[in-house]
Amino acid sequence: MALWIQAQQLQGDALHQMQSLYGQHFPIEVRHYLAQWLEMQQWDAIDLENQQDEFKAKRLLDALIQELQRKAEHQMGEDGFLLKIKLGHYASQLKSAYDPCPLELVRCVKHILYMERRLVQEATNVSSSVSGPVDGTPQRYQQINQTFEELRVMTQDTDNDLRKLQHSQEYFIIQYQESLRIQAQINSLSNIPPAERTQRETGLQSRKSTLEAWLSREANTLQKYRQELSEKHQRTLTLLRKQQTVIVDDELIQWKRRQQLAGNGGPVEGGLDILQAWSEKLADMIWQNRQQIRRVEHLTQQLPIPGPTEELLTELNATVTDIISALVTSTFIIEKQPPQVLKTQTKFSATVRLLVGGKLNVHMNPPQVKATIISEQQAKALLKNENTRNDSSGEILNNNCVMEYHQTTGTLSAHFRTMSLKRIKRSDRRGAESVTEEKFTVLFESQFSVGGNELVFHVKTLSLPVVVIVHGSQDNNATATVLWDNAFSEPGRVPFVVPDKVLWPQLCETLNMKYKCEVQSERGLSEDNLVFLAQKAFCSSSNNPEDYCKLNITWSQFNRESLPGRNFTFWQWFDGVIELMKKHMKSHWNDGAIIGFLNKQQAQDMLMSKPNGTFLLRFSDSEIGGITIAWVAENPNKAGERMVWNLMPFTTKDFSIRSLADRISDINHLLFLYPNQPKEEVFSRYCTPPNSKAVGDGYVKPEIKQVVKFEFSSPNPEPSPGNSSIMEHTASPTVSQQHSFTIYPSMNDSMLDAEGEFDLDETMDMARQVEEFLRQPMETQWSGQQS
């Protein structure tokens, strides 16, 4: 309700803008009487582009109707009777309007609340400008608004001057017609007596001379007015272009950059409402000035007076047309990007928006937008205005959409809901480049006219780079390409050039951003975590963060070259950690229960100073997406000697069977989470409650338990041939896990060829193997697992 109280205190133009937000689509009385309720609802939690959120929107609509009806029922007295009728009418009106499309109600209320906050913020910034803004953003907004006010005054001034010019010219034409009439009278004097003719001719000639002298002076004055007016228009257009540069080349580019970083997990790019408001103001003022210039041209054609004005007007007309064209083409943007890792034969969506569409009345003849996927080379040719012969690099289904105008918010957009990439045509790759490093982009284009076909615009916009995959196994490598491109691309680049190497701190910022977003945690990567990652990336042993500040990491080091002694890259390892954390361990990470980024030696050094049974969790060095438990305990072979044990790494497959908390609870050797927390305090609330012993159908319910067996008698055991696949070679003992559940036999046959495409023959071989396996008797299948 605090927002509504502040909104009611607005004055002048801000108050009028606030009042204009309301109408039949959402009465201001509803805002007033339900102010607190409206501001308490989670409007931003609903995704307007997700049809699955329509149910949430419907619940909000129903709750709004009920709240209105409840408010109406509590009205008492004579005034209350009238208000009761009015609120009941509004409840019926809103239900009728939004019941078929509840998401439109959410769109409407979100727009209203956003604009109220902006108007209140702007008013607060103006009132506190003496003491200075809190940060840079209000100051920028204030400067933009001041420039708009200056442009409004200038446009009004030229409009007034134009009216004066028109009146002066109309009076000039009347007087010119009068001079012609006098000349006609003089010419007709030949038919009258000479004495009378001389007398009348003298009078007419005197009037004609006086009038011609006035016309001569007035023609110079008109020419001067035209010249001054054209120079004023020139100054206005210069300021308009400057303002457009600030909005389109600064603010809108920054919004696009935030949108790009949001793909890496950066903060949400923010709403487009304020950018649309600015763009519409620009469009309105540009159009007003264009109409004024056109009127001056008309006046000039109506009364030609020799001088430099005609040439200047031609230049002004070309300039204003160029400005409006640049604005329209720049504000045709992608509001919701298509997925940057795009899998073939999979539905995806995208939304494009024309920020000035409502102001230019483009929706009166709704344009159609077409989506096409093109390669990096085709994108380069397109930006160079080279003839691409309408080539595409694939086939997108459902790639045409008509732009819709939303009355409540004044937005014109096209939402592609069910696009699907049917096929992709790849180009020849360079050097060691793989299919997951090849970049494409989705081209959106449309054509429409404004001003009664005065101007016709062909608009195009390119999506962020897209990597096309055909199988989920390619996802992590494709994500690496997208992550690097989003983080390190520069504005105005040639598609899609990125640096081959960047400073390590730059990559740290990107990794931290991605990690926090995926794990949905405010606890990001600490300095120690980043030092560990640097050691892994650079094969270094230094613990000093300063040693890595000036080091460059290359793309090859990031995701092309395997880590020493491993068959995976730095990014593949880190991505495995992210997948593990976001699927199974968000809560444990937020609780600080997982240290994670440690090597075995570091874990051993930390644990040896702690009591027996102290344990910690660290990410496996040898397995992607693995986490292991290390704990300190007595050496069973030497009395009085202590050692650190490392459990075989768990992966997401293991935790889909039994959770980490349950596994830790099962293992009696684990007593204290490093440094000294009893494990029950940390993990008990996440444990699965035990099954009830009473079973109604006569069956005993089985339970899965984590069992650890000490299978060796020496501190550094050599794994036997029979269990080498489940042993990890370490300086400290590694403990195998005996599970009380069945393990499926592994299938290592690849279903993808070297290019990342399906190999039909190998896929059929796999299918035949599975079929033969399933035909075996159950005893044969599981005989090797019964231990």
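A: This is a predicted model. In it, β9 and β10 pair in the antiparallel sense over eight bridges.

Q: Which residue stands opposite Leu-455 in β10?

A: Val-450 stands opposite Leu-455.

Q: What is the order of the strands in the open sheet?

A: The order is β6-β4-β9-β10, four strands with antiparallel pairing. The edge strands are β6 (400–402) and β10, each of which pairs on one side only. On average, neighbouring strands of this sheet are turned by 25° against each other, direction ignored.

Q: Which helix lies across β9 and β10?

A: Helix α11, residues 309–330, lies across β9 and β10 and runs at about 40° to β10.

Q: And α12: how many of its eight residues are buried?

A: Six of the eight are buried, so helix α12 (residues 376–383) is mostly covered. The buried residues are Glu-376, Gln-378, Ala-379, Lys-380, Ala-381 and Leu-382.

Q: Which strands do the buried residues of α12 pack against?

A: They pack against β4 (368–375), β9 (440–450) and β10 (455–462).

Q: Changing topic: how many disulfides does the structure hold?

A: The structure holds zero disulfides. For Cys-508, the nearest cysteine sulfur is that of Cys-549, 8.5 Å away, whereas a disulfide needs the two sulfur atoms within 2.5 Å.

Q: Are Cys-508 and Cys-539 buried or exposed?

A: Cys-508 is buried, because its relative accessible area is 8%. Cys-539 counts as exposed, because its relative accessibility is 53%.

Terms used. Residues are numbered from 1 along each chain as its sequence is written. This is a predicted model: local features need pLDDT of at least 70, side-chain atom pairs count only at pLDDT 80 or more; totals for chains, interfaces and linings use all residues. Side-chain values use heavy atoms; hydrogens and water are left out. Buried means under 20% relative accessible area, exposed over 50%, partly exposed in between (1.4 Å probe, protein chains only). Helices (H or I, at least four residues) and strands (E, at least two) are DSSP runs, numbered from the N terminus. Contact means heavy atoms within 4.5 Å. Two strands pair if DSSP finds at least two bridges between them. Axes are lines fitted to C-alpha atoms, for helices over the stretch in contact, and angles run from 0 to 180 degrees between N-to-C directions.
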